[in-house]
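Trainee: I'm new to this one and a bit lost. Could you pick a single part and walk me through it closely?

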Amino acid sequence: MGCTITGCGKAAPKLVVTNDDLAHLVDTDDEWIVQRTGIRARRIAQGESATDLAVAAAEAALGIESDSAVERSGWRRPASGSKAVDPASIDLVICMTISPDAAMPSQAALVRRRLGAQRAVCFDLNAACSGCVYGLSVAESMMAAANAPGSARNPLRRALVIGVERLSRVVDWSDRSTCILFGDGAGAVLLEWSDAETGIRSTFLRNTDDIDGVLTLGAGRKDDLPPLFAALAAEQASARQSAGPAKAAPGFEKSADQAPESALDPQGFPPHIAMSGQAVFRFATAAVVEAIEEACARAGADVDEVDLIVPHQANERIIRYAAKKLGLPMERFQLSIESSANTSAASALMALTDALVQERLRVGDTAVMVGFGGGLTAGSVLFHL
Ligand SMILES: CC(=O)SCCNC(=O)CCNC(=O)[C@H](O)C(C)(C)COP(=O)(O)OP(=O)(O)OC[C@H]1O[C@@H](n2cnc3c(N)ncnc32)[C@H](O)[C@@H]1OP(=O)(O)O
């Protein structure tokens with residue numbers, strides 16, 4: 001028993017922006033970008049919303065034909081036949097994103113409505129660039145719980161897990177150290193619960209504090225609250241002072257050797273992606289290797305038995321480093337970064353679609369998806385296709 005990937009799709013905006021194009025915007029060049037990242041071009045949304053991209057990727061995964069304005073491609077599990085899956089039969093929609101069209105309704109709610117997935121429950125998930133593995137892991141856990149004998153949960157046999165980003169809206173286009181890295185797009189998988197021995201076999205999730213704020217993006221909220229609240233705060237603070245110090249609950253007293261609070265002020269996060277590239281690089285290289293090994297260990301598999309590793313597409317050098325460290329040839333890793341750049345929560349599902357469409361991954365194969373990113377987050381999922 002398990003949840004099997006029965007459909008996969010990706011969608012990208014039509015506009016192609018090459019490294020040479022970006023050299024008109026910031027002081028950079030194609031050679032630097034290719035050597036440091038492996039990126040040659042990215043897609044940038046010009047009018048396409050995150051909802052447009054997510055729906056197009058989801059329809060591709062469901063096998064639904066549509067005259068969508070965005071570019072899309074998809075794969076369906078051969079046994080599913082040519083018949084498209086009815087969106088009304090979907091029980092769950094999860095959207096992973098750090099750049100949704102709106103905070104409310106959720107991105108998943110917008111997709112649900114457009115798709116016509118009337119019976120699905122839906123919500124968004126933010127695990128930054130690890131979104132794909134967190135989304136798959138959460139969906140698998142929910143499906144396993146819902147399908148356990150005697151479960152009193154929502155019935156859950158079909159889930160759409162969609163990563164979607166319109167990062168072009170949250171990139172600082174004057175910062176050459178970040179703007180060259182990111183792109184827009186969406187990737188989706190259809191998971192179905194079945195008795196088969198295929199599907200997700202292990203998951204591994206890991207978080208570390210981003211103490212130095214090496215990867216941040218502000219939520220862009222307004223801080224100009226009515227002056228009334230500042231006056232009330234001052235009044236209440238002085239009342240508390242005259243009442244004496246508040247007592248901490250037993251067990252929650254601060255000890256002298258407790259680590260100091262981070263100097264980082266969340267209200268000071270910029271409204272665009274800010275990154276300390278080398279620190280992220282160091283974190284990512286260690287995290288990717290650990291996550292691949294953990295997913296394999298938990299599934300009782302040897303890393304050598306994995307047919308294809310589908311990593312978050314952040315930087316080709318990170319992937320090359322992981323391959324070397326694990327003693328695996330680069331052919332065992334899906335590389336889609338050249339034309340898509342880093343699409344954060346969408347990237348590994350877009351790469352998975354490429355692997356399936358290009359037949360680098362076939363039914364019967366074993367694959368590991370691995371992610372890492374802001375939070376800091378990392379994780380992996382091992383599945384038998
Ligand atoms: C949302 C998420 O979760 S994102 C998570 C994923 N992010 C990542 O994976 C990023 C990981 N890091 C990286 O990929 C790399 O650090 C990069 C590509 C960003 C930078 O590569 P590095 O080799 O570390 O370059 P570094 O930052 O040391 O800069 C080297 C020089 O190139 C310069 N430089 C930076 N960007 C550019 C550019 N686009 N073009 C030309 N020169 C540049 C720098 O100014 C610096 O110049 P200096 O030596 O005169 O000061």
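**Around the ligand**

Mentor: Let's start at a helix end: D29 caps the N-terminal end of α2, with a side-chain oxygen 3.2 Å from the backbone nitrogen of E31. That counts as a polar contact (a pair of N or O atoms within 3.5 Å; within protein, one must be able to donate a hydrogen and the other to accept it, and residues adjacent in sequence count only if both atoms are side-chain atoms). Helix and strand names come from DSSP runs, numbered from the N terminus: H or I over at least four residues for helices, E over at least two for strands. After α2 comes G38, with a positive phi near 85°.

Before we go on, keep in mind that this is a predicted model: local features need pLDDT of at least 70, side-chain atom pairs count only at pLDDT 80 or more, and totals for chains, interfaces and linings use all residues. Residues are numbered from 1 along each chain as its sequence is written, and side-chain values use heavy atoms, with hydrogens and water left out.

Now, why begin with α2? It is one of the elements that each supply at least two residues of the shell around the ligand; the others are α6 (176-179), α8 (277-299), α9 (316-326) and β13 (366-373). α8 gives the largest share, 4 residues. In all, 24 residues surround the ligand, and the closest are T28, R36, C129, Q278 and N315. Sorted by class, the shell holds 11 nonpolar, 9 polar and 4 charged residues. For that sorting, Ala, Val, Leu, Ile, Met, Phe, Trp, Tyr, Cys and Pro are nonpolar, Asp, Glu, Lys and Arg are charged, and the rest, Gly among them, are polar.

Zoom in on the contacts. The side chain of Q278 puts an N or O atom 2.4 Å from an oxygen atom of the ligand. For R176, the side-chain N or O atom sits 2.9 Å from a ligand oxygen. G374 takes part through its backbone, where an N or O atom lies 3.2 Å from an oxygen atom of the ligand. Of the 1,000 Å² of accessible area that the ligand has on its own, the protein covers 75%. (Those areas use the Shrake-Rupley method with a 1.4 Å probe; for residues, only the protein chains shown count as cover.)

Next, follow β13 into its sheet. This open sheet has 4 strands in the order β9-β14-β13-β12, with mixed pairing. Its edge strands, β9 (199-207) and β12 (308-311), each pair on one side only. On average, neighbouring strands here are turned by 15° against each other, direction ignored; the axes are lines fitted to C-alpha atoms, for helices over the stretch in contact, with angles from 0 to 180 degrees between N-to-C directions. Two strands count as paired if DSSP finds at least two bridges between them. β9 and β14 (residues 377-384) are joined over 8 bridges in the antiparallel sense, and S202 stands opposite L382 in β14. In the loop between β13 and β14 you'll find L376, and the peptide bond joining G375 and L376 is cis, with omega about 0°.

UniProt, in an unreviewed entry, puts "domain: Beta-ketoacyl-[acyl-carrier-protein] synthase III C-terminal" at residues 296-384. Positions follow the numbering used here, names are shortened, and annotations may be inferred rather than shown by experiment. That span is 34% helix and 22% strand, with its end C-alpha atoms 12 Å apart.

β1 (residues 2-12) pairs with β4 in the antiparallel sense over 6 bridges, and K10 has S73 as its bridge partner in β4.

Definitions and conventions. A residue is near a molecule or strand if one of its heavy atoms lies within 4 Å of it.
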